[in-house]
Protein chains: 2
Amino acid sequence: MLKGNMLIAQGGGPTPVINSSLLGAVREAKRHPEAIETIYGARYGAEGILAGDLIDLGAVPTEQLDLLARTPASAIGSCRRKLTDADYPDVLECFKKFNIRYFFYNGGNDSMDTCNKVYELAKAAGYELRVIGIPKTIDNDLAVTDHCPGFGSAAKYAAASALELAQDVAALPIHVVVMEMMGRNAGWITAASALFTGLMPCEHLVYLPETDFDKDEFLAAVKEKWAKGRGLLVTVSEGIHYAGGVPVADSGIVDGFGHKVPGGAAQTLSDMIMNELGLKSRSEKPGLLGRTSVALMSGTDRDEAELAGATAVKSAVEGESGWMVGFKTEREPEYRSETILIPLAEVANAEKTFPLEWITPGGVTDEFRSYCLPLIGEYDSRFVNLR
Amino acid sequence: MLKGNMLIAQGGGPTPVINSSLLGAVREAKRHPEAIETIYGARYGAEGILAGDLIDLGAVPTEQLDLLARTPASAIGSCRRKLTDADYPDVLECFKKFNIRYFFYNGGNDSMDTCNKVYELAKAAGYELRVIGIPKTIDNDLAVTDHCPGFGSAAKYAAASALELAQDVAALPIHVVVMEMMGRNAGWITAASALFTGLMPCEHLVYLPETDFDKDEFLAAVKEKWAKGRGLLVTVSEGIHYAGGVPVADSGIVDGFGHKVPGGAAQTLSDMIMNELGLKSRSEKPGLLGRTSVALMSGTDRDEAELAGATAVKSAVEGESGWMVGFKTEREPEYRSETILIPLAEVANAEKTFPLEWITPGGVTDEFRSYCLPLIGEYDSRFVNLR
C-alpha cells in the first residue's frame, strides 16, 4: 500500500459543481487513512503547487465542507496559468517537500495535459506517485467521456433561461431578442438553449461556432421568423465566426497581455438586425452567470461531479494511475451513468466539439435533445400562455 | 350592487410575478358572481382594448390558471403603446360593447396614468365604471407605496446573481467583472445587487443612475480595489450617465422608430478598464433574464402580487374606484405588509427614484439593505471559501 499525502488542485474556469468533485474527493480520502495521511488542496491551482502554497483540507470542519455542494466557483481557488516544461521541476519539488503520493487535478483538456505530463515526469524521475484527472468543464468538450461534470448545470441554465426568456419575448413582441451563451469553440451550451424550443411561445433561432456564420442567411431567417408575429429569440455562441474563422464580434481591444479581446456576439447581431432590417432588437449576455447559478445547478450533474471526485481517489488508492475519470451512459429505457477510466493521453488537449450532424439551419436535432435532457436533472418546464 | 363584466389588462414590461396578480384578480372575481359576470382579459394590453380583442378568462381550466403563479412575463400579452387622447373614445366604445363595469390595469406609472384617465373619462361620460390600478414594476419606482410587486423578484435576482458571481470573481481573480442591471432612471435593482456585499469574497463597487458618473473617480476606485488582490466585481445600472445627463454608453444607433438606442454600460466600463488601466476585464448583462427567472422569483413578492390583484377586485366590488393598490409595511420586529388604496392621481406619472441619502461612494447604505432584504423572500446565502 502506497502511503503518503494527497494533493488536489482545481484548474481553469470554474463550474457550478467543481466543488462537488472536491467534496467527493475529500470525503473518499478520509475513508482511506491507511493510504492517505494529509489531504492538501493547492491554493489557486497551479500557482499554489509552484509556490508550495497548500491548504490542509482534512482540518476543515464537516459543516463547512458540506457547503461545498452548494458553492459555485472554485472554493480552493483556480488560475489560468498553464504549466510549461520549465515549471515541472518545481512541481516535483513541491511533491517531494510535502510527500505527495496522490495527485488529483480537476480541470478541462489543458489540465488533463498537465496531469499527463506530471504522470510521465514522476515516472521518469522514479518518484512513486498516483495521478488521476477529474473532469470539469461547462463546455463539454473533453474527448471519450459521454459528457463532463459541469456541462449539465450550464446546459440547465441555458435551457431554462431561454425558455423563460421566450415567455417574455412572446408576451411583448416588440423586439428581436438575441442572447449570447458561453463556449468559444464548442457549441454544446448554446445547443442546450434549444432544449425546449418546441415549448416556446415564440420563434427561435440558434447559431453554434461549429459552422460558419452567414450574414445574409441570418438576416433572411430573422426576417422570415419575425414575420410570423410571435416574437423571435436568437441564441448564439460567443464564438460564432464567418468563413475563414473571422469572428463575428471583435472588440478591437488588445489587452495588457497582448491578447485580442473578443467583442459581444449578441450585441453585434442585435445592432445588425436594427441597422439592416430596421427592426427593434436588444441583446442579453448572462456570461459568467451561466456557470455560477446555484438555483439552476443540475442535481444529476452535482451527484456525478461528486462521484467523479470520489472515484478518482478510490481508484488511486486501489493502485490506478494515469487515468481521467469519465462517464459511460445508457439513456434507454432510462438514464443511467457509471464511471470509467480513460487514459490521460487520450484526453490531453483533445477537443470534442458539437457533432455537425446534430446541427440544422438555425437549430439542433432531437438526437441532441435526447442526449442532453437527462443531464440537466429536474426542471419544471410548464408555463401557461392565455393569449 | 353594480353588475356587469370585468376587464383586466397588463401594461408595459413584464415582471416575474405580474401573472400572480392576474391569478389573484381572477380568483377573487370568481368569488363575486353577484357583481362580476364575464371575466375578460385584454389581449396584448391596450392594443386588445382598442381592438376589442378580449380573452374569456373565466373559461380557462383551473389547472391552467394555477400555472400563472409560476409563469413569468405577461400571460395575456402586453404592449408598449401609450394611449393618447384620441384613443379614449375607442376605449369607452369597447367598454360599452362588452358591458365592462370593472376595469383593472396592471402596470407601472404610465399605466396608472392611463387608469386615471379612463376613470375620469367614464365619470365625465356618465358611464358607471369601477377602476382600480394594480401596481407592477421591477423598477420599484411607483410613488407612495412602500414597494411594488415585481421588485422583490428582480431584487432577489440581482442580489443572488451578484453574490454567486462574486464567488467566481474571487476564485479566479484574473479580470475585473462588470455586470449591468436593468433600471434606466431608477437604481433600485442595481442597489439590490449590493444586498450581500458584506458576504462577498471579493471587492465590490456599485453605480446607480441617481448620481452623475465620474470617470476619474471610477478608475481610481477600480485601481484601489483591484490592488487588494481579492478580485473585483462592479455592478452598474444600464442608465448611468455623466454630468448633464450624457449617457456613459451610447450605441450610436437610431432605431426604426427614431429612438436613440442605448449602448451597453457594462461593456463600455469594461473596455474603459482595459484601455485606461491595462487590466483584464469582462462584462455580463443578464438583462431581461432579471425579470424572467422562475428559480429566483421571490415568494414574498409572488404572494403580495397575488394579494394586490385580489384586493383590487375585492375593493371594486365593494364600491371603490379611482385607486391604485399599494403596500404599507412594518419591518420591526419582523416584516409585515398590508394593502392600502392610493388615489390614482397621486401615482400617475410620478417616479420614485432611489433615495440619495442611501447612496455612498461606490455603494449603498445598510438602511437600504434593511428595507430591501425582506422583499426578496427566502434565499440561502451560505457559501464556503477555503482559500
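In the predicted model, helix H1 (residues 18-30) of chain B packs against helix H10 (residues 299-317) of chain B, with axes that come within 7 Å. The axes cross at roughly 40°. Angles under 35 degrees count as roughly parallel and those of 65 to 115 as roughly perpendicular; H1(B) and H10(B) are therefore oblique to each other. Their crossing is right-handed.

On the H1(B) side, the contact is made by B:Ile18, B:Ser20, B:Ser21, B:Leu22, B:Leu23, B:Gly24, B:Ala25, B:Arg27, B:Glu28 and B:Ala29. H10(B) contributes B:Arg302, B:Ala305, B:Glu306, B:Leu307, B:Ala308, B:Gly309, B:Ala310, B:Ala312, B:Val313 and B:Lys314. Of the residues in this contact of H1(B) with H10(B), 11 are nonpolar, 4 polar and 5 charged.

Chain B also meets chain A. Each chain gives 61 residues to the contact. On the side of chain B, the elements giving two or more residues are helix H6 (151-171), strand S9 (250-254), helix H9 (265-277) and strand S11 (281-284). H6(B) supplies the largest share, 6 residues. The side of chain B that touches chain A comprises 29 nonpolar, 19 polar and 13 charged residues.

The largest nonpolar core has 252 residues. A:Leu233 and B:Leu233 have the most contacts inside this core. Residues up to four places away in sequence aside, B:Leu233 touches B:Ala162, B:Leu165, B:Ala166, B:Val169, B:Val177, B:Met179, B:Met200, B:Cys202 and B:His204.

How values were computed
Residues are numbered from 1 along each chain as its sequence is written. Chains are lettered from A and ligands numbered from 1 in the order in which they are written. This is a predicted model: local features need pLDDT of at least 70, side-chain atom pairs count only at pLDDT 80 or more; totals for chains, interfaces and linings use all residues. Axes are lines fitted to C-alpha atoms, for helices over the stretch in contact, and angles run from 0 to 180 degrees between N-to-C directions. Helices (H or I, at least four residues) and strands (E, at least two) are DSSP runs, numbered from the N terminus. Angles under 35 degrees count as roughly parallel, over 145 as roughly antiparallel, 65 to 115 as roughly perpendicular and the rest as oblique. A crossing is left-handed if the near helix is turned anticlockwise from the far one by less than a right angle, and right-handed if clockwise. Two residues are in contact if their C-beta atoms, placed from the backbone, lie within 7 Å. Ala, Val, Leu, Ile, Met, Phe, Trp, Tyr, Cys and Pro count as nonpolar, Asp, Glu, Lys and Arg as charged, and the others, Gly among them, as polar. A nonpolar core is a set of buried Ala, Val, Leu, Ile, Met, Phe, Trp, Tyr and Cys residues joined through C-beta atoms within 7 Å. A residue is buried if 20 or more other C-beta atoms lie within 10 Å of its own, exposed if 12 or fewer, and partly exposed in between; C-beta atoms are placed from the backbone.
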